[in-house]
Amino acid sequence: MLTATHLACVRGDRRLFAGLGFTLEAGAWIYLTGENGSGKTSLLRILVGLSPPEAGEILWQGTPITSLGDDYRKAVTYLGHHNALKEELTASENLCMGAALAGIVLEKSEATKMLAEVGLAGREELPVRFLSQGQKRRVALARLLWSKSPLWVLDEPFVALDAAAVLWLAETLAEHLAAGGMAILTSHQEVAIAGSTMQTLRLAA
Amino acid sequence: MRMLTWKYASPQYFYPLAGKMIPWFAALAVLFGVSGLWLGFFVAPTDAQQGEGYRIIFIHVGASWMSMFIYLVMAFWASIGLSFNTRLSSMMASALAPTGAMFAFLSLWTGALWGKPMWGTWWVWDARLTSELILLFLYLGFIALQAAIDEPRRADKAGAILALVGVVNVPIIYFSVKWWNTLHQGASVSLTQAPSMAKTMLLGMLMMALCFWMYSIAVALARVRAIMLERERNSEWVTQLKEVQS
Amino acid sequence: MNAFSVLSAVVQRDLLVALRRKSEVLTTLFFFVIVVSLFPLGIGPEMDLLRKIAPGVLWVAALLATMLSLNRLFAADHADGTLEQMALAPVPLGLLVTGKVVAHWLVSGLPLVLIAPLLGLQFDLAPRALTVLMISLLLGTPLLSLIGAIGAALTLGVRGGGVLVSLLTLPLYIPALIFGAGAVEADISGLGAAGHLSLLAALLALAAFFAPWATTAALRIALE
Amino acid sequence: MNWNSPAEFFAMGGYGFYVWGSFGVTTLALLIEPLLIGKRQSEAVKSLQRELSAKERSQ
């Protein structure tokens, strides 16, 4: 369970939000919306522990995330604006290296299988710089397939994806939630995830 | 007591307090300065070896001390700001840096003016002068880094790490420069080891050092006030200030 | 999966990236070679003089070459989001930073060590002095990478970061320069280089302990 | 008393240029710094006043 209380965020001179709080239960997800510049990305970065909030506290299973350290980082998978891919490396190398950072050993055959699942069969040995935007995003999203974290925090995961990939992502999210996982995501388009509890969190500009 | 400390650790209460403290420290600086100059020029006797040229030490020594001392104080405030997340301490560190750099420069300048008549050259690669030069570079690095970062909180923290790294490095740099100096049998400049350091000379030096010290406090307080206004311009207390309202 | 395998994964990844983008590696090396070769042209070809300035010239050039390569230590990872993922990995960031520094040294430090004797020959250094030069660089270049990483992390994503990083790190490089160049000089003048080299090693040990910590703190600040 | 005449005082036993060069620049620096800070302070106040009056007008 993830609980946030009285969160505030200041960027430069601007107060993006204040007094923000929510509780996210297992099997539920939060749909985070708001205009450009309303602080969606800032909030996500605060929630995963990259930046400290100006005020307020975030609790994971009842403990502040600041005192959990690596235990919280193990529980979270974050996908930001950037795909965190190395242009020089192939799709499968990128996937394996990403897993290695999280302490997960991924065999090449497994990586190939996961890349096939996101629709990149046959392209796994291509350096990422030869892939299109949408394909790169799919390589980045393939990390959800090896992720063992209960909490997924995804910043605009649907951007640049085609219809098939959007469908795949919605299914993957539904499975994750059905298995007791949690998710927080931002999106500019409507998202439907079958059989799940959705909370909408709107940030005012 | 604890409550009191916390209260004055917030810019809102420190701003008027600093304003009240500045005249006192400025007055002390003038007092020590006048007595130091009087001792230095009219009481302290002419040095047997260096003639009247030695009188430069009255400011050179004080400036060198202050340049090193201010770096330590700056690193102290910066680290407090980093570990306890207190805005005021970080602002204090930023306020001290230019003054420290100025004293480092003055130390070099007076050292060069002393070296020319005594050694026949403006600059000697002596361990102390070289270390002082490096200290000036460290100050400039700190100031440049903070100036380059727009987000004040990030500038504070990055500056603090740099200041701490600098503090660890200063002794290492000093030791290595000294080692290098002895190996190359370079000149060793010593302004303070005059054979017969008269008591009045020492006292004059001390007075000038105290003058610089008080001056630094006054100036740092004044600068930290300006920094507070710049940084906290959206806070309620700033807009309520008398000088802003009028 | 233990800490060591995470560290080696980072090293492996960075080496692989460097291997596929050879131009950057070679730039550092060529810069080193060119700067060193310029000195005789500027000073004149008297061998006595060249022999005398060789340690200083080679070491200063190594300093500058390392400096040049610092900008890309974290910048690419910062731009493509990899750094965020590293900061969120369930292992100490200091470990990953150490991995990055090791990779940086292998890519930009080690080549300098290997090519230095060749450049030393241009300055008519004796074989023993060449050996001391190599040893001093072998101990010194990792030190440069470690200290430089702090500067690179502090200036990450900052306006004019490239120039700033030299202003921040060059003063911190001075002890390494003094003991490194001093070792070769001491050997040439028959004083023995052991003292200098052991001090250099001591500095390396100190930096290996502290620098990753400071770099980690600086990176977390840059990511906020 | 060290000096018999003002001229002697300013000559500093032949070291006048060096002694007064040191003291002069130091004094200058210690005078200019507070002035610069004063300017910074008044600029900060002025920009705050401008912001404040802009806010009042917009209300």
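Visitor: Which residues have the most contacts inside the largest nonpolar core, and how many residues does that core have?

Guide: A nonpolar core is a set of buried Ala, Val, Leu, Ile, Met, Phe, Trp, Tyr and Cys residues joined through C-beta atoms within 7 Å; a residue is buried if 20 or more other C-beta atoms lie within 10 Å of its own, exposed if 12 or fewer, and partly exposed in between, with C-beta atoms placed from the backbone. Here the largest such core has 229 residues, and those with the most contacts inside it are A:Val153, A:Ile184, B:Met74, C:Leu58, C:Ala153 and C:Ala218. Helix α7 (residues 199–231) of chain B provides the largest share of this core, 20 residues, where a helix is a DSSP run of H or I of at least four residues, a strand a run of E of at least two, and both are numbered from the N terminus. Please keep in mind that this is a predicted model, in which local features need pLDDT of at least 70 and side-chain atom pairs count only at pLDDT 80 or more, whereas totals for chains, interfaces and linings use all residues. Residues are numbered from 1 along each chain as its sequence is written, while chains are lettered from A and ligands numbered from 1 in the order in which they are written.

Visitor: How many helices and strands does chain B have, and what share of its residues is buried?

Guide: Chain B has 9 helices and 0 strands, its C-alpha trace spans about 60 × 40 × 35 Å along the principal axes, and 48% of its 246 residues are buried. Of the contacts in chain B between residues at least 6 apart in sequence, 81% join residues at least 24 apart.

Visitor: Why does B:Phe142 count as buried?

Guide: B:Phe142, which is found in helix α5 (residues 127–148) of chain B, counts as buried because it has 29 C-beta neighbours inside 10 Å. Beyond four places in sequence, B:Phe142 is in contact with B:Ala97, B:Gly159, B:Leu162 and B:Ala163.

Visitor: Which pair of chains has the most contacts, and which elements of chain B supply at least two residues to the side that touches chain D?

Guide: Among the 4 pairs of chains that touch, chains B and D have the most contacts, with 31 residues from chain B and 25 residues from chain D. On the chain B side, α4 (87–119), α7, α8 (236–239) and α9 (242–245) each supply at least two residues, and α4(B) gives the most, 9 residues. By class, this side of chain B has 17 nonpolar, 6 polar and 8 charged residues, where Ala, Val, Leu, Ile, Met, Phe, Trp, Tyr, Cys and Pro count as nonpolar, Asp, Glu, Lys and Arg as charged, and the others, Gly among them, as polar.

Visitor: What does chain B present to chain C?

Guide: In that contact, 24 residues of chain B meet 21 residues of chain C, and α6(B) gives the largest share of the chain B side, 15 residues. That side divides into 19 nonpolar, 3 polar and 2 charged residues. By contrast, chains C and D do not touch, their nearest C-alpha atoms being 23 Å apart, and no contact joins chain A and chain D, whose closest C-alpha atoms lie 13 Å apart.

Definitions and conventions. Contact = placed C-beta atoms within 7 Å.
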